[in-house]
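Visitor: I have a structure open and want to learn how to read it. Can you take me through it feature by feature?
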Amino acid sequence: MPTDKIDAAAAGTWTLGGHTVRRLGFGSMRLTADPDPAPAVQVLRRAVELGVNHIDTAAFYVSPGGTLGVGTGAKRYATELIRAALRPYPEDLLLATKVGPSEQGWARSAAQLREQVEENLRRLGRDHLDLVNLRLRGPEHGSCAEQFAALAALRERGLIRHLGLSAATLAHVDEAQAIAPVVCVQNSYGLDYRRGHDELVRACGERGIAFVPFFTLAGDAREQGAGAETNAAVDAVAAAHGATSQQVRLAWALHQGRHVLVIPGTSSVAHLRDNVAAAALVLTPAQLATLG
């Protein structure tokens, strides 16, 4: 499918924390691997040019080491690359970040969470954060009430505008909603990955909460990125549209509800253009049934 004339607006929009965002966004995790910051800056600027106005990041997206576990040279933070590329920030841009994990370990106390919020503010060069997701450990995390309440207190002080959860269960959402509004849930999810979250996706839609899947393309490869895995149904639908299998996977996620916002990440302008083009890929009911 042609990609040079498609922008993120083709996916439609969702109101996320008071911001009207395009449903096809960008995840910044993969930007830190290259010691040269120029390609990352180019990708970020091109993403905005292609209509992306929802960028996901975190202060623990850093190389060497960090989430990707790669790289050499001086430390490179995705948040600082975003600041270098996009500040002064476009008025319609929503920057979503996460707290919980860090280079020093997991934050548990209110003081540690505040330190992480302040680090995100400093590295992004902002006086407030649009959206902060509390990253949990998954079902084994247990109660999130104390940590979420600590972030809610920072929201009351104006350091955070909106709150969400990441790697959460529906029980976590229930617990957090009793404390403060939850505007999004960010979990790993894809066509053939973590489909146990189907019920959570539906529940979020019923509550007007955005569902923001990550590893939609990578699946089990997770931080390693999209591999060469094949799926006959995906390949057949891709061939019918003259699209790539990655574009079909992104389109499938977008078809799971108007509240689903995808954030594929890449360090390549060419891959960015292909990912954004998936915004215009319309799957038929028969194709969706085939994909499952």
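**Reading the model**

Guide: Buried means under 20% relative accessible area, exposed over 50%, and partly exposed in between (1.4 Å probe, protein chains only). This is a predicted model, in which local features need pLDDT of at least 70, side-chain atom pairs count only at pLDDT 80 or more, and totals for chains, interfaces and linings use all residues. Residues are numbered from 1 along each chain as its sequence is written, and side-chain values use heavy atoms, with hydrogens and water left out.

Visitor: Which residue forms a salt bridge with Asp 192?

Guide: A salt bridge is a side-chain nitrogen of Lys or Arg within 4 Å of a carboxyl oxygen of Asp or Glu. For Asp 192 the partner is Arg 249, with the closest N and O atoms 2.8 Å apart. This pair links distant parts of the chain, 57 residues apart. Asp 192 sits in the loop between β10 (184-186) and α6 (198-207), and Arg 249 in helix α8. Arg 249 counts as buried, at 8% relative accessibility.

Visitor: How many salt bridges does the structure hold?

Guide: Eleven. One of them joins the side chains of Asp 92 and Arg 22 (4.0 Å, N to O). These two lie 70 residues apart, Asp 92 in the loop between α2 (78-86) and β7, Arg 22 in strand β2 (residues 19-22). Asp 92 is partly exposed at 37% relative accessibility, and Arg 22 is partly exposed at 25%.

Visitor: Where do Arg 46 and Glu 49 lie?

Guide: First the general idea. An α-helix has 3.6 residues a turn, so residues three or four places apart point the same way. Now the case here: Arg 46 and Glu 49 both lie in helix α1, three residues apart, about one turn of the helix. They form a salt bridge, with the closest N and O atoms 3.1 Å apart. Arg 46 is partly exposed, with a relative accessible area of 28%. Glu 49 counts as exposed at 56%.

Visitor: How many helices and strands does the chain have?

Guide: Helices (H or I, at least four residues) and strands (E, at least two) are DSSP runs, numbered from the N terminus. The protein chain has ten helices and eleven strands.

Visitor: In what order do the strands of the open sheet run?

Guide: Two strands pair if DSSP finds at least two bridges between them. The open sheet has seven strands in the order β3-β4-β7-β8-β9-β10-β11, with parallel pairing. β3 (26-27) and β11 (210-211) stand at the edges with a single partner strand each, so one side of each is left without a neighbour in the sheet.

Visitor: How many bridges pair β4 with β7?

Guide: Three, in the parallel sense, between β4 (residues 54-56) and β7 (residues 94-99). His 54 has Leu 94 in β7 as its bridge partner. β7 also pairs with β8, over four bridges. There, Ala 96 has Leu 131 in β8 as its bridge partner. β8 is mostly covered: seven of its seven residues are buried.

Visitor: Which strands does helix α3 lie across?

Guide: For angles, axes are lines fitted to C-alpha atoms, for helices over the stretch in contact, and angles run from 0 to 180 degrees between N-to-C directions. Contact means heavy atoms within 4.5 Å. Helix α3 (residues 110-124) lies across β7, β8 (129-135) and β9 (160-166), running at about 145 degrees to β7.

Visitor: Is Thr 57 buried or exposed?

Guide: Buried, with a relative accessible area of 0%. Thr 57 is found in the loop between β4 and β5 (62-63). Not counting residues up to four places away in sequence, Thr 57 touches residues including Ser 28, Ala 78, Ile 82 and Lys 98. A polar contact is a pair of N or O atoms within 3.5 Å; within protein, one must be able to donate a hydrogen and the other to accept it, and residues adjacent in sequence count only if both atoms are side-chain atoms. The side chains of Thr 57 and Ser 28 make one, at 3.0 Å.

Visitor: What covers the buried residues of α9?

Guide: The cover includes β3, α1 (38-49) and α8 (245-254). The buried residues in helix α9 (residues 269-277) are Leu 272, Asn 275, Val 276 and Ala 277.
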